[in-house]
Amino acid sequence: MSELLSVTVDDRQVEVPKGTGLVEAAQAAGIEIPVFCYEPRLGPPVGACRMCLVEIEGMPKLQAGCTLTVADGMAIKTSATSAKAAEGQEATLEFILVNHPLDCPVCDKGGECPLQDLTFRYGPGNTRMSFSKLTFDKPIPVSPLIALDRERCILCYRCTRFSEDVAEDGQLIARNRGAHTEIATFEDEPYRSPFSGNVVELCPVGALTSTLYRFDARPWEIQNVPTVCTGCAVGCNTSATIREGKVKRILSRNHPEIDRGWLCDKGRFSYPHLRAEDRITSPLRRGRKGLEATSWDEALDEAETMLRESRGSIVTAFSGSETIEIAYALGRLLRGGLDAHSAVLPEATSDALEAFRMPLSAIGEAGLVVVVGDDPVVERAPIVDLWIKEARRRDAEIVVYSPTGSETTAPGAGAEICRELASGKSRVANALRGAERAVLVWSGPGGGGGARIAELAHALGFADKPGCGAFHLPAASNPRGVALAWAVAADADETNPEPIELLIVSGDDAASNPDVRALAELANRVLVVTMFHELAGGWADLILPATAALERDGTSMNLEGRVQRLRRAVPPPCPDELAWISKLAARFDVGLAPHAMGVFAEVGEHLFKDLTPEDLGPHAPLPARHAYVAPEPATTPAPVEDGVEGLRLHRYRPLFSGPAVERVPELGFQRPDRDVELSVADAEARGIANGDVVLVSSNGTSAELRARVNRKLVAGVARIADEHAGDLHPSVQVVKA
Ligand code: SF4
Ligand code: SF4
Ligand code: FES
């Protein structure tokens, strides 16, 4: 335990560990030292704003409290007891306000603004300035998502420090000097970073605002509903701001072990898809003239008929983003109420990882992080990327085995790398074996990632090392929760029916998955639960409208294996899944609660015996590690056919993709360009330069894309985002168009 130091803040004495900052020491004494620029999550203090002035016994001048740590016996006087400190803070505020426009009535920050609040508590009651204030063009577009009202900026540098030191994108800069300093983007390019929205939340004034929220609500008209993001498997804790039954913005709710208060732009800005024009709100049934609107009663009659006629020959394709309750309810209806049949999940996960469980924050404290898998971590689980960056800043060694990693590998080599690390004598294998704080991460599709990384962790003896753990980054937000809930819903055998009489497609990700669509072609009938007509209009026999995560109550299991609670932020425009599944189940004599907490009580009996809904909020705990259970042995992946002089196609699913992102025009600039990435060697061999238009082709199908020469990419590989790869096959030819 670290040494305790005794300090006095105003008239209160407290003991705090050595190294504690003055702001925290005052907090421990129940006293506020006001701050603007101070934000420990951004790294060391910069002392930019001088709002935190305090008087310290023995020091002749006022000190910026945020820049100091306590010393034993230190006596600190805040403005509450020091007239000098009060005068200093008042002068600071007067100075900050010299050019601040005081347009609070029309400022989005008004009503929840630290500058307003601190001026009210510590500032001068009137102004001595009668000259004109500085003005600028406004708003300045930082990107399609963020606007800058430059005259409101108080130069606290929170935004630039986030960009430089947390996201490490280096795109926000402070240019010019002294009174002319201003915040801008590098070379005035749009701020394009997966994490850009965090600067809006960090800005202590209304200088950086979200274009999606601007002028849309006043703080006294809104409610904040605590929920959890299901944009990926991280499960960031969020607050949904609601006004008049509509989601107006998403803010972070800082779970220190999961997200540390950061969100990615997909989680923060994709909520407008709830009100997309092509959203389905009532069922559609295929008739003589194609899909026709039908009533819920008729749709449930139709669904019942489909289920009865297909008994024993039904396949369910999940998105992996359903709540645990929806997956369980479907399992009770389909596995319990009807004969056994099978489910398709987007990606296999593994229970074996429970032996190596740790909070995501442990990545930031690791001394060695080894990432295996083809996909960039940021595309699968953005916040994990931030934790890895934090580890690197703390001098951790980061080793990445991927086509663009520090150890370049061919696509699909992950399982082989795991075997080598488990049995080999390489430097990395030895370092992993000897480490006390090491983390393994699997970031890629296929290869049974969760199981393979668990086997490696087991071979390295991680189960007995609390500082060592392993994570699998699945493509969906809740695949383990869905698989577990489905499995415990009924005691039934799984079969793979052939032919498939009925395919049930659950959710938008399943409906837009090419493998599921291929399965639909084999099925006699298809029932799709989706939010958008476009995703299934051409091939579904019956469409039931789906709800969005922000419209759902329920629970979800993130990639740590932590069960978290989703709360309905706004009512859905249609009956929710549990309402109609319970009605349908009743027709097959299966009793199901029509609401999430009723189903949770039932599924919890099987899955989480010690958990109650109260245990889950506001910050859900991480379950303890379980004993290691060896996973299923690996199946040998089919060899990839190599074409003559062909490049191996590596397609990946970008973070900014999918039906929700596609329906938010402001997110368009974050989506991947129509690029094919080539290694330097492959580009040179083909006479292709960066930016050239190229034809990528395979087996009679082709796509015209722009070449991007990636110095990190391994030779022999062409990398293309899924949405631009179309029907290209594993081996492609690339030629200059
Ligand atoms: S824009 Fe906001 S966060 Fe950035 S320096 Fe100005 S006040 Fe601070
Ligand atoms: S990192 Fe994942 S869970 Fe967090 S905000 Fe982004 S999409 Fe949502
Ligand atoms: S909060 Fe201390 S100088 Fe800004």
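Biologist: How many nonpolar residues does the shell around ligand 1 have?

Modeller: Bear in mind that this is a predicted model. The shell around ligand 1 is made up of 14 residues. By class, no polar residue is among them and one is charged. That leaves the nonpolar class, with 13.

Biologist: Which residues come nearest to ligand 1?

Modeller: Cysteines feature in the answer, along with an alanine. Of the 14 residues around ligand 1, the nearest are Cys-153, Cys-156, Cys-159, Cys-203 and Ala-207.

Biologist: And ligand 2: which elements give two or more residues to its shell?

Modeller: Ligand 2 has 13 residues around it, the closest being Cys-229, Gly-231, Cys-236, Cys-264 and Gly-267. By class, that shell divides into eight nonpolar, three polar and two charged residues. The elements giving two or more residues to the shell around ligand 2 are helix 6 (265-269) and helix 11 (382-393).

Biologist: Now the helices. Are helix 12 and helix 14 roughly parallel or roughly antiparallel to each other?

Modeller: The axes of helix 12 (residues 414-423) and helix 14 (residues 449-459) come within 9 Å and cross at roughly 10°. Angles under 35 degrees count as roughly parallel. Helix 12 and helix 14 are therefore roughly parallel.

Biologist: What classes of residue make the contact of helix 12 with helix 14?

Modeller: Helix 12 brings Gly-414, Ala-415, Cys-418, Leu-421 and Ala-422, while helix 14 brings Gly-449, Arg-452, Ile-453, Glu-455, Leu-456 and Ala-459. Sorted by class, the contact has seven nonpolar, two polar and two charged residues.

Biologist: On to the sheet with the order 6-7-10. Why is one side of strand 6 and of strand 10 left without a neighbour?

Modeller: This is an open sheet of three strands with antiparallel pairing. Strand 6 (140-141) and strand 10 (208-210) each have a single partner strand, so one side of each has no neighbour in the sheet; they stand at the edges.

Biologist: Which residue stands opposite Pro-141?

Modeller: Strand 6 pairs with strand 7 (residues 146-148) in the antiparallel sense, over two bridges. In strand 7, the residue opposite Pro-141 is Ala-147.

Biologist: Last one: which residue is the bridge partner of Leu-284?

Modeller: Strand 14 (residues 284-287) runs antiparallel to strand 15 (residues 290-293), and four bridges join them. A hairpin links the two through two residues. The partner of Leu-284 lies in strand 15, and that is Ala-293.

Methods. Residues numbered from 1 in each chain as written. Chains lettered and ligands numbered in written order. Predicted model: local features only at pLDDT ≥ 70, side-chain atom pairs only at ≥ 80, totals over all residues. Pairing = 2+ DSSP bridges. Axes fitted to C-alpha atoms, helices over the stretch in contact; angles between N-to-C directions. Parallel < 35°, antiparallel > 145°, perpendicular 65-115°, else oblique. Contact = placed C-beta atoms within 7 Å. Nonpolar A, V, L, I, M, F, W, Y, C, P; charged D, E, K, R; others polar. Near = placed C-beta within 6 Å.
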